[in-house]
Amino acid sequence: MSIISKVLSLENPAFCGYVTYSSLLVLKMMIMPLLTVKQRRKFGVPISPEDCAIYNRKSLRLHEEVERIRRAHLNDLENIPIFFIAGAFYLLTNPSPRTALNLFRTYTIARYCHTFVYAVVVIPQPARAISWSIGFAITGYMLFRTIRHFKAF
Amino acid sequence: MSIISKVLSLENPAFCGYVTYSSLLVLKMMIMPLLTVKQRRKFGVPISPEDCAIYNRKSLRLHEEVERIRRAHLNDLENIPIFFIAGAFYLLTNPSPRTALNLFRTYTIARYCHTFVYAVVVIPQPARAISWSIGFAITGYMLFRTIRHFKAF
Amino acid sequence: MSIISKVLSLENPAFCGYVTYSSLLVLKMMIMPLLTVKQRRKFGVPISPEDCAIYNRKSLRLHEEVERIRRAHLNDLENIPIFFIAGAFYLLTNPSPRTALNLFRTYTIARYCHTFVYAVVVIPQPARAISWSIGFAITGYMLFRTIRHFKAF
């Protein structure tokens, strides 16, 4: 049996963990637009001219409580898709399932914390910097392991 | 033969449908920068100072007809990559090919409609809200099925 | 052996090249936030009110030298994730490893050039337009090959 069939297998706990934690990260990203809409309604901030009537406004404007959630969401877009890629590649290096699961778990917790301290209850720095850095470091580690393992330039 | 080799197979119509419809969604995303450039040229809206000469402008400015397309594009970035992930994971739960194909098809149509009513011919709400919600609900359903199937926390 | 097991194999140089070059693209995307933070520190531009104290500022503001890097980063988000998808699908069409590797290599170089001329040393147009177009054309070609090969509507 090839290494890839061994890795991409429902018997491989690292692979099942990858699918589970990546799903929880997609779930997190799906919560962001709901939070944004909630704040748009609360503060009356339409995103597009054709929405002004719904929000009882005459023109578009920015509001910090909406922008904050949009920044957190953009930060997700900058970080989570590259985790999906780096995590899948890292599985192909045949890591110990225990290490892999712990990395996926820690990454997921760090990203949930990042959103919480950024967009739900604002907690002073370095809370956001730390949670962001943990995710960044894990992605970087998985990437480093992948490049060292493949090196097919 | 393992479930994964059965799923990731050119004989599996759900997998082939996933590839085809995901490709059509990538194609949709590739149309967005072309639309943006078209509007930038039409209304003379450079994105960066070094482009001002091309557009015969002295400084940067925003224009609603450009921002509209950028919002539609950003909405794609928020929604379509997580569909790629959720769709691939959903295939691993071994769904009926018929259901899977219908979900992929509906999602793709909903996203094309979303872009059309947002950025091509502006149609009053709730056109955009409905097309967005259909895509969101399909991603959510596939995610729910995946998490329930894997549960490898 | 199925085509998919043949493609997704560590013996397939096209697959190993895909993993290697995609990793280099993830690496490129991971450099962007570091460049952004460097410019934020240099020009004193906080992104969120709770960061104002760190930057010794009373309120948020925009700065062209920060926005430039954010535009380059957003351009990555618009282009590189769809390359990951289109590249993976293209592998399933069983291309010649030599062609595939050259496409991945050229795409990666073009995207590194794009960031360089956009956000590191600003080089007048059409430098940025050309590097962007090369990446766009490669993604489009791989997508065209995929859709023609699968056609499972």
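This is a predicted model: local features need pLDDT of at least 70, side-chain atom pairs count only at pLDDT 80 or more; totals for chains, interfaces and linings use all residues.
A salt bridge here is a side-chain nitrogen of Lys or Arg within 4 Å of a carboxyl oxygen of Asp or Glu. In total, the count between chain C and chain A comes to three salt bridges. Polar contacts turn up too: eight residue pairs across this interface are in polar contact.

Which parts of chain C face chain A? Helices α2 (13–43), α4 (64–92) and α5 (97–120) of chain C each bring at least two residues to the side that touches chain A. The largest share comes from α2(C), with 16 residues. Sort that side of chain C by class and you get 21 nonpolar, seven polar and four charged residues.

Now step back to the whole interface. Here 32 residues of chain C are in contact with 28 residues of chain A. Together the two chains bury about 2600 Å², and 77% of that lies on carbon and sulfur atoms. On the chain C side, C:Leu10, C:Met30 and C:Glu50 supply 23% of the area buried against chain A, more than any other three residues.

How do the two copies relate to each other? Rotate chain C by 120°, with 0.0 Å of shift along the axis, and it superposes on chain A with an RMSD of 0.0 Å. The two copies are therefore related as by a three-fold rotation axis.

How values were computed:
Residues are numbered from 1 along each chain as its sequence is written. Chains are lettered from A and ligands numbered from 1 in the order in which they are written. Side-chain values use heavy atoms; hydrogens and water are left out. Contact means heavy atoms within 4.5 Å. Buried area is the accessible area (1.4 Å probe) that two parts lose on being put together, summed over both. A polar contact is a pair of N or O atoms within 3.5 Å; within protein, one must be able to donate a hydrogen and the other to accept it, and residues adjacent in sequence count only if both atoms are side-chain atoms. Helices (H or I, at least four residues) and strands (E, at least two) are DSSP runs, numbered from the N terminus. Ala, Val, Leu, Ile, Met, Phe, Trp, Tyr, Cys and Pro count as nonpolar, Asp, Glu, Lys and Arg as charged, and the others, Gly among them, as polar. Copies are superposed by least squares on the C-alpha atoms of residues with pLDDT of at least 70 in both.
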